[in-house]
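Hi,

Here is the structure I promised to pass on. Have a look at it first, and my notes follow below.

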Amino acid sequence: MDDRKFSVLIAGGGSTYTPGIVLTLLDHIERFPLRKLKFFDIDGDRQQKIADACEILVKERAPEVEFVATTDPETAFTDVDFVMAQIRVGKYAMRSLDEKIPLKHGVVGQETTGPGGIAYGLRSIPGVLGLVDYMEKYSPDAWMLNYSNPAAIVAEATRRFRPNSKIINICDMPIGIMDRMAEVVGLKDRNDLVYRYYGLNHFGWWTNVWDKKGKDLMPQLKEYVAKNGYWIGGEYDKGTEASWESTFKMAKDVYALDPTTLPNTYLKYYMYPTQVVEHSDPNYTRTDEVEAHRQKLVFGECARIVENKTAEDTQFKSDDHATYIVDLCTAIAYDTKQRMLAIIPNDGAVSNIDPEAMVEVPCLFGANGPERLSMGKAATFQKGLITEQNCVEKLAVDAWETHSYTKLWEAISLSKIVPDAKVAKEILDELVVANKDYWPELK
Ligand code: NAD
Ligand code: G6P
Ligand code: MN
């Protein structure tokens, strides 16, 4: 009989996503049993606010699970089976600059896209590599699920610098979109769909979607997306913020460019940057919205739990982000071969794309990690876009590795959303100053 119980570490314990993940872990404790739950963060004060509430949650729902919150790497990483990595190096203060500096120059300002995403990438690389090294030192058999952004650049860095590490880079955007697709066709959720998808992180397309009996759902989905994008509305979208509403709706315009596939929402930034900039307020960007909504809600609810000394009536609930992560752990722990997306070395999965690109494709997840599935050839439109964007991501990692100003300038200039090398340089020079505490000194 398999009586294993697992020790899970959340790195970035102070993240706004932590309570949702804890709640989901506790909800699924029958299929993924826990013995320990640990938090690690370099900001002990921020983490403690979340940890105090989560400790109450754990005590009430699974008192047998040992709970630890620490800023000490050895305590955190010792005796761990799974690490869930969700750090934000530089926190929201730096995200805000990633968004506002490009916007000042008329360029999209976004967490994972264009110059802002590249800037964040150069901060995240050493942060995530540091976590991998702690894991290998203190728990060499553990697996890391990393979703610290920008996942595309972080994944390229882990491929290059830690090729043998047990790290899996993932993203929840396709998951959220597939839940919406299921809603459109009247199925329960994404697990009722079978799909083919390929691209880079935040840069991919569905070529097929079926139900479990093999019925082709693409015609119905295309008809819906052509009119509404991925916007559902009503009760389903009750809590969805205005900027996400506009993103889900804009999938309609991205879809129009290639009616043979269904797009990832993030492609709106690359296909319609002018429109995105026109609708942006350089003084109030997504970071301001997150601080006013998600961060306020999460920290407010944690404070309420601590004050009431109970989480029995908590507003926290399982979400698609957290259930995906728990599904992945379960697939690895029990070798289920569940088919899920991951960002993985291409190695032929998309046959006409660089084998050394980090692509996002469906994989079968088991005890040895992900086994990629072949998605065939990228169409000409996708091949062109992917090739360019992948070079942007590789140049960003080159720049971090060699401390090269020129490579970083090239990366930003090559980005589809940046008009020319002059604008790229102006943005880069401001980013260099803003990131002086985080980036290597560039030569
Ligand atoms: P957040 O700022 O609320 O939390 C991040 C935490 O990381 C902070 O408490 C911070 O102190 C901590 N941190 C920073 N550097 C660290 C380091 N080197 N070691 C340990 N801890 C460190 O951020 P959030 O909005 O909750 O998002 C967390 C991360 O998850 C971000 O990178 C975000 O982009 C990512 N995310 C990714 C996906 C995806 O699809 N891949 C989905 C959701 C969130
Ligand atoms: C999606 C993306 C993530 C991103 C998240 C939150 O789920 O896949 O990579 O971090 O959205 O974005 P937000 O702007 O709400 O912080
Ligand atoms: Mn993502």
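Where is the place of Tyr266? Tyr266 sits in the loop between β9 (262-263) and α10 (267-271); helices here are DSSP runs of H or I with at least four residues, strands are runs of E with at least two, and both are numbered from the N terminus.

Before the rest, some housekeeping. This is a predicted model, where local features need pLDDT of at least 70 and side-chain atom pairs count only at pLDDT 80 or more, while totals for chains, interfaces and linings use all residues. Residues are numbered from 1 along each chain as its sequence is written, chains are lettered from A and ligands numbered from 1 in the order in which they are written, and side-chain values use heavy atoms, without hydrogens and water.

Back to Tyr266. Its relative accessibility is 7%, so it counts as buried (under 20% relative accessible area; exposed is over 50%, partly exposed in between, with a 1.4 Å probe and protein chains only). Leaving out residues up to four places away in sequence, Tyr266 touches Gln110, Thr112, Thr113, Met173, His202 and Trp244 (contact means heavy atoms within 4.5 Å).

An unreviewed UniProt entry gives "active site" at Asp172 and Tyr266 (positions are in the numbering used here, feature names are shortened, and annotations may be inferred rather than shown by experiment). The two are spread over 95 residues of sequence but cluster in space, with a largest C-alpha distance of 12.1 Å. Asp172 lies in the loop between β6 (167-169) and α7 (173-184), and is partly exposed at 26% relative accessible area.

Cheers
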